[in-house]
Amino acid sequence: MPEFSDTIINLFDGLKKRQATGEGGLLTGSDPSAFDVSDPLRLWIIQVGVIIMLDQLLSLGLGRMKQPKVIAEVLGGILLGPTAFGRIPGFTQHIFPSQSLPYLSLVANIGLCLFLFIVGLEIDASVIKRNARMSAIVSLAGMALPFGLGSALSVPLYHHFIDPSVQFTHFMLFTGVAYSITAFPVLCRILTELKLLDTTVGIVVLSAGVGNDVVGWTLLALSVALVNAGSGLTALWVLLTCVAFTIFLLLVVKRVMLWLARATGSTDDGPTMFYMTVVMILLWACAFFTDIVGVNAIFGAFLAGIIVPREGGLAIALTEKLEDMVTIIFLPLYFTLSGLNTNLGLLDDGITWAFTIAIACLAFLGKFGGCTIASRLSGFSWREASTIGSLMSCKGLVELIVLNVGLSAGVLSPKVFSMFVLEALTLTFMTTPLVRALYPPERRVIATSGGASPKTRDDEGGDLDADKKSLMNEEQPWRYRFTVVLDKLEHMPCMMALTQLIRPPVPDFSSVVSMSAASDAAPLKYRRPEVSINALRLIELSDRASAVMKSSTADTLIHTDPLLGIFRMFGELNDLPVSSSLAIVPHDDLACNVVDHARQDASQLILLPWLPPCASIAETSEGATPRREKFDHNPFEVIFGTSRDKSASAIHSQFVRGVFARSDTDVALFVDPGNHLNTGAKTGGSYHIFLPFFGGPDDRLALEFVMQLCTNPRINATVVKMEKREIENMQIERPSTAHSDVKVDTNSLALAHQQGLTVSSMVAFPDTVYGQTNTQMRMQSETADSIIWSRYAGHNPSDADTTGPLRAALSRIDFTNLASPVPLHAAIQRASMYQRVLVVTGRSKRLAVEDHHAELKDLVEEHRVVGHEVMSKTIGDVATAFVVSGCPSAVVVLQAANTGVH
């Protein structure tokens, strides 16, 4: 059945007769949807527009249900067919007339070949080697039992719905293949979105899915060969020809392609134009050969994808060049053709619905039962085994391809075809919610290398908790476990600057000992903790297949990612131990991933970068009009309430606020004003820090952070306790000496921090909303402010009980008080007195002492800044005042841990 080749020949015969038509077109009153064989492009554009718009509309709704995009594409095709829109009078005749379907089919089959080529690129033999024994058992059981059940069910199906002219063996073979196949591309997507690729379950499923996919396509090729052959001997010759062709490709052509990739430099810098041309020629040559020998052209395209080298990420680079056109244009056309052949209205009696339910139930039980039992016998728990069975039951578009091949071959009737399409849609829709219910995050077992025992996600950071707590105490509240977030290249200077600041200095023991001797103190009590910096590389998981391929090769990507490589080299140059992690997650899960990673790593401080909106606007030249950032606006988002500002800074601020809202770890945000911070080479590398202390948990954390930074001899600081005169209340005078040894009730303070926290939806850039505070919480916070201020500002560095690091830090800090009716203006003016100043402030969105909204509004009007609302919601009023005032200083914004989030 060389259908692909015949279609091309017939279409070229029709196009030879093309004449000039319709000079006036629409202006002359002609119907633009009228089909003309000599000019089919008009109607084709209309068809593509209708298909894409419907698919995008459905994907927005189903995407909120965490369903893969293939569900929307299949459902869109069914709706455009006789099931729904086809019942509208004149719809099919005007939009999808029968004369236009060959042209639509040609483009769809071209896209299908490209898609199978991409599927072949996704197949990586090294994945199977990760867990070859268990994956082979699961894959075999997941094909044998469903194939048997499908073959058994084909007997009553054949007698009730299939024409006797169709051979039963052909129908049985197609039914068995449809039952036994697993949608590997959709499976990869689900594993990535559910963050299962690093679990034992995910590795086994991925390996089993690869084997299942290869065997499934081989069975399909065999089925097509048997159907097209006139006799059993002819089928044998077709099969042997395909086997010989496959061996030739794997043993000869694959090595030639690898040599050519290295010779042209495609493995280093991505595919060159010449190499891309060779790959495209190879793709269509393989498709043409398998089509003319009696096997479908898609099998040749699949083989072409398998033999492309994986070295240097070449397969991923090729996928990136092809996937957008295939995903946006070609695949929806193929699903529409499938939907035009699907008529759920044919399921109009009880016996038909009984068989439809039986098809769906047996398909699920075959995959689920076979894979679950095999996994259980391989040593997995029942929960893990059932999760593997649920994942392997995913059908998706791969079964639809098998069904369409069977329909075009005349093996399946339209009614049976519709029954199986409904089964595939149902099983794919069930996969994600079923896996979420069976395998929640707290039960997931992380795969470990070597002989280490596996751990659940909740246990990963447990061994570090004791060490984390032992390093921080009242005398030495320093933080030495950091999570550094790396997401974009433009944020690297921010993270390097902040990491350089928190780098602990090598203690000068001679000076510390001399100071201790001078004060006649006890023996030196100083232990320098080991610094731990974990660089978390975040990559957004998009709808593209290449993103899924990257996630499945994350263990390799973590060593080749340029941002991680730059930061590791930065760590080596500064004698900082840097460990690397990489996460590829959807945009909505980025903040949760950072918070979870910091918790599992027992981090004491999360370091984030941010470029404010005023810094992200690029100017063409001095004084020129700023270029507006591009916006990618989807009109359908308004319908579903997801319309949002798409500028880079606004999107990143949404991510930052998500971390602030969810984090149960202290967070430090480095705000780069965009003025290219100088490294201080000409000034000896010294820094001055300015902290306006207003009070509250975030300002207390900021003060401790400044104390830690000032242990570095190159850094000194000015800490100003700000006070607003107009709202000054009479308070009980407390003697300063009464606070030096006071112990605050940390449990009550933690309770005060937790009360009333509400994390609102991420849509439309919400602010972090906290519940109303009561008088008790206010008094506890004010008491804590007084204690920490007196502990440091009223402390005498020469006291004998002062540790070496604390004494050194206090000697470099100047504590002062400043009262003003406009404290923000006063703080900005005071900070401008220093050279190379770094402003450190608390975010102060919780238990803030002062309300700065009115003064901030005046500052915004003075400097004529537009759109400061997003900035204020992200970094707080105090930090916003420094940014909008045009202060050239970088700002570090701190938020104390939200211990009540979890």
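**View 1. Which residue in β5 is the bridge partner of Ala-535?** The partner is Ser-580. Strands β4 and β5 run parallel to each other and share eight bridges; two strands count as paired if DSSP finds at least two bridges between them. Helices (H or I, at least four residues) and strands (E, at least two) are DSSP runs, numbered from the N terminus. A word on what you're looking at: this is a predicted model, where local features need pLDDT of at least 70 and side-chain atom pairs count only at pLDDT 80 or more, while totals for chains, interfaces and linings use all residues. Residues are numbered from 1 along each chain as its sequence is written, and side-chain values use heavy atoms, with hydrogens and water left out.

**View 2. Here's the open sheet, with 10 strands.** The order is β5-β4-β3-β6-β7-β14-β13-β8-β9-β12, and the pairing is mixed. At the edges stand β5 (578-585) and β12 (813-820), each with a single partner strand, so one side of each has no neighbour in the sheet. From one strand to the next, the twist averages 25 degrees. Helix α29 lies across several of these strands, including β3, β7 and β8 (687-693), and runs at about 160 degrees to β8. Axes here are lines fitted to C-alpha atoms, for helices over the stretch in contact, and angles run from 0 to 180 degrees between N-to-C directions.

**View 3. Arg-479, Asp-666 and Glu-704 join up in a network of salt bridges.** A salt bridge means a side-chain nitrogen of Lys or Arg within 4 Å of a carboxyl oxygen of Asp or Glu, and the model has eight by that rule. Asp-666 meets Arg-479 at 2.9 Å, N to O. That pair links distant parts of the chain, with Asp-666 in strand β7 (residues 666-671) and Arg-479 in the loop between α20 (465-471) and β3 (481-486), 187 residues apart. Glu-704 also forms a salt bridge with Arg-479, the closest N and O atoms being 3.4 Å apart. Glu-704 sits in helix α29 (residues 697-709), so its pairing with Arg-479 ties together parts that are 225 residues apart in sequence. Asp-666 and Arg-479 are both buried, and Glu-704 is buried too; buried means under 20% relative accessible area, exposed over 50%, partly exposed in between (1.4 Å probe, protein chains only).

**View 4. Arg-537 and Asp-561 form another salt bridge.** Their closest N and O atoms are 2.9 Å apart. Arg-537 belongs to strand β4 (residues 532-540) and Asp-561 to the loop between α24 (554-560) and α25 (562-573), so the pair ties together parts that are 24 residues apart in sequence. Both Arg-537 and Asp-561 are buried.

**View 5. Ala-602 sits in the loop between α26 (590-600) and β6.** With 1% relative accessibility, Ala-602 counts as buried. Ala-602 and Phe-482 are 120 residues apart in sequence, yet 8.7 Å apart in space, C-alpha to C-alpha.

**View 6. Residues 460-471 have pLDDT below 50.** On this score, the predictor's confidence in each residue from 0 to 100, the protein chain has a mean of 78, and 77% of its residues reach 70 or more.

Methods. Contact means heavy atoms within 4.5 Å.
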